[in-house]
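Good morning, and thank you for coming. Please look at the structure as I speak.

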Amino acid sequence: MLYRTSGQFKTTYKADQALFPVRQDAILLGFILILAWAVFPLMASEFTFQALLIPVLVYALAAMGLNILTGYAGQLSLGTAAFMGVGAYACYKLITIFPGMNIVVAILLSGVFSAGVGVLFGLPSLRIKGFYLAIATLAAQFFLVWTFEEWAWLYNYNASGAIQVPNVEMFGTMVAGPLATSTTQYYLVLAIVTVMTIVCINLTRGTQGRTWKATRDMDIAAELIGINLLKSKLTAFAVSSYIVGVAGALFVFMWRGAAEPNLFSISLSFRILFIAIIGGLGSILGNYLGAILIVALPVVLNTLPHTLGIEISSATVEHLNIMIVGALIVFFLIIEPHGLARLWALIREKLIIWPFPH
Amino acid sequence: MKTFAKWTAAAAVALGTASAVYAEGHGASMNVPNLSYRTGPFAATGIPIMNGQADYFAMLNARDGGIGGAMIDYEECETGYSTEKGVECYEATKADAIVTQPWSTGITLQVLPKTNVDEMPLLAPGYGFSPMADGEVFQWAFNMPGSYWDAASMILQEISGGDLSSLSGQKIVLLHLDHPYGKEPIPFYEAMAAEHGFEFLPIPVGLSEMQNQSAQWLQIRRERPDYVIMWGWGAMNAGALTEAIKTRYPMDQFIGVWWSGHNGDLEALGEDAAGYRAISYNAPNPDAPVLAAIREHVSDSQAGEGEMDWVFYQRGLVISMLLAEGITAAQAEYDTAVVSPQQLRWGLENINLTQERIDELGFTGMIAPFSTSCADHTGHSGGWMIRWDGSTFQVDSDHLMADQSAIAPLVEAAAAEYAEANAPWPTQECDG
């Protein structure tokens, strides 16, 4: 009923290939965008910004980067956190070397460094596949984190080996560092994430996306129909690492405010991989759904007992939280192994034909 | 489908109310949150300290009805020692809190700039960023009664017999956790090594190899250092001690910082670890009156059998006592029962812990007298060397004091550097 598509006729190819062939999709997305751009910022408290909104966006962006590589191009990577680190450290060096640089420019530029490193570590993908490639990217993970620890120039010879985000001004407002307000940072993150998402959607449904999908589904067949595997795989690594690098810069500059090398450890890589897998490999929407489940849900669960006035100790809540989130992950993967995005797609299908399921 | 819609609606409502309700106050009491870690790889060392902290406030509430007539609402937010959770907890608790206790040097570094903007006192007793001693630069941060550089200096004094030039030509290894915390003493030791002519060699232990340090100890065996100083935490301490015993490193040349002197770690090793020493700003005193008071008034203590005699449990008591003293000072100055974060900042800056006051509070022999001021946020109480005798820690030295003439220039330089890197950074002027 809500999703009735009858009466929406497509008379041109252009209309048929539009981003939203079904009008309700556009309305739904518009509603979500209004929520994100206007309603949340007006209602949210400092805590909501810092613990829910900003992290969900940043993690979703990082997962989106990984999804391009793993979900669309079929190259398994375990080095996401390290590429995020490259973005973060590059942004830090750019901002400290050129203090007058616009932060948005610095963030977008830092992705370039990460893309370069990504391509370098993507070279083995030309010879090895699957789990073996995962091990090769694992090398990136350990090597890069080790570099962040040992190369003191990267953190400006700080005694604690950590990077601290300085106060950065843009057009008269503080946008990074302790003086920046959460609302400003949220809008900046939201703007970058929105633009990146639009780019990703269009990239993945165009020629480039089809090239990647062909590479993923069967690389020999792809090669036979004239796809250059070298180009396809390396562009996937470059685009993916670029997005992941930007996510890393946002992660530190717009959210955390400081970072030590251990932040970019393997556990962060796994976390992002889980977001991509549970959200749904080969989908853009899935990254957001996955980030909400993995990042936001534990935070909400943590505050629930307090809100409901139940007196249990914080440590017990933490234990319960791990159990509940774990159980939910298992539950969702059993009812839909292809992730939350597929679950939503099924729900949408059902809604379209509802109430007459035949 | 209906159930799905219902669930989504319920989740949305929960999401909306969670943040709103969380910000509400808790009545007339003072909210003292603690970013605890009773889970994760550092839980073993965290639990006794958190128990001590909780029990002291529980005792004050039961015996005296709080502090100066206001009840203390001690609340924990679990971080698992994760920096990410730490920042989340800081944001979640700051609304009606009068202080933040971040634990973990990593969380301290993240929260430190935020506290300056939020005007929230940050209490990091014996941890955090050593330059926080400079009260002119770090208005809102306190790391009394001693910084890591104090600890580093006291260790050198004890092993050199008070004369650092006697260390000339010797080799000292710093076995440290490869984390902001473990890297804290390095600048101080490097400066001292250059000045007094001893060889200084830091050996890092990564977070992932805490329990398997064979590579590090192989290197120590090859280097044959005169002393091994340890900046370890959590599972790393037990790992290092086990390896030291295995490689037969002489225990009397092995010294830890105050976070590496945990009874729980050493009890498992017993006699084998006898002779191991650690510096500590609190001395274990099983007969202190405050322990009797806790046994009498706190019925639901989480502390296990014998835990109250542990150095770490008693350190938790000391930490809560320092905070309570800050609250008392603020209450007297502003003539109010419920103090605000700004008033507490004044209180923490004007702690005057004399020997009489220590005795009055029941902490006899557990901590040395010290006082803080506008310019000095550490107080530098000094500490004692404690030695593991196979079953318990015993005080093994006279009261030691850090050499402030060596530390002060480093603090000043590091604080200025921090302020510059984080400009515009608000500072305060202190007279005198």
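**Two interfaces in one model**

Across the interface of domain 1 of chain B and domain 2 of chain B, 23 residue pairs are found in polar contact, both residues of a pair being at pLDDT 80 or more. Please keep in mind that this is a predicted model.

In the domain assignment of chain B, domain 1 covers 29-147 + 286-382, while domain 2 covers 149-285 + 385-409. The C-alpha centres of these two domains of chain B are 25 Å apart.

How many residues of domain 1 of chain B are in contact with domain 2 of chain B? There are 43 in domain 1, and they meet 34 residues of domain 2. The area buried between the two domains of chain B is about 3,100 Å², and carbon and sulfur atoms give 59% of that area. Of the area that domain 1 of chain B buries against domain 2, 20% is supplied by B:Val311, B:Arg315 and B:Gly382, more than by any other three residues.

Turning to the elements on the domain 1 side, α2 (43-64), α4 (105-118) and α12 (311-334) of chain B each supply at least two residues that touch domain 2. The largest share, six residues, comes from α12(B). By class, this side of domain 1 of chain B divides into 25 nonpolar, 15 polar and three charged residues.

I come next to the interface between the chains. Here 41 residues of chain A are in contact with 42 residues of chain B. The area buried between chain A and chain B is about 3,700 Å², with 59% given by carbon and sulfur atoms.

How many salt bridges are counted between chain A and chain B? The count is two. In a salt bridge, the side chains of A:Glu46 and B:Lys94 meet at 3.6 Å, N to O. The rule also finds six residue pairs in polar contact across the interface of chain A and chain B, both at pLDDT 80 or more.

Several elements of chain A each supply at least two residues to the side that touches chain B, among them α3 (46-72), α6 (130-150) and β4 (258-259). The element that gives the most is α12(A), with seven residues. This side of chain A has 20 nonpolar, 14 polar and seven charged residues.

Thank you for your attention.

Definitions and conventions:
Residues numbered from 1 in each chain as written. Chains lettered and ligands numbered in written order. Predicted model: local features only at pLDDT ≥ 70, side-chain atom pairs only at ≥ 80, totals over all residues. Heavy atoms only, no water. Domains from an automatic or database assignment. Contact = heavy atoms within 4.5 Å. Buried area = accessible area lost by both parts, 1.4 Å probe. Polar contact = N/O pair within 3.5 Å; in protein donor to acceptor, adjacent residues only side chain to side chain. Helix = DSSP H or I, 4+ residues; strand = E, 2+ residues; numbered from the N terminus. Nonpolar A, V, L, I, M, F, W, Y, C, P; charged D, E, K, R; others polar. Salt bridge = Lys/Arg side-chain N within 4 Å of Asp/Glu carboxyl O.
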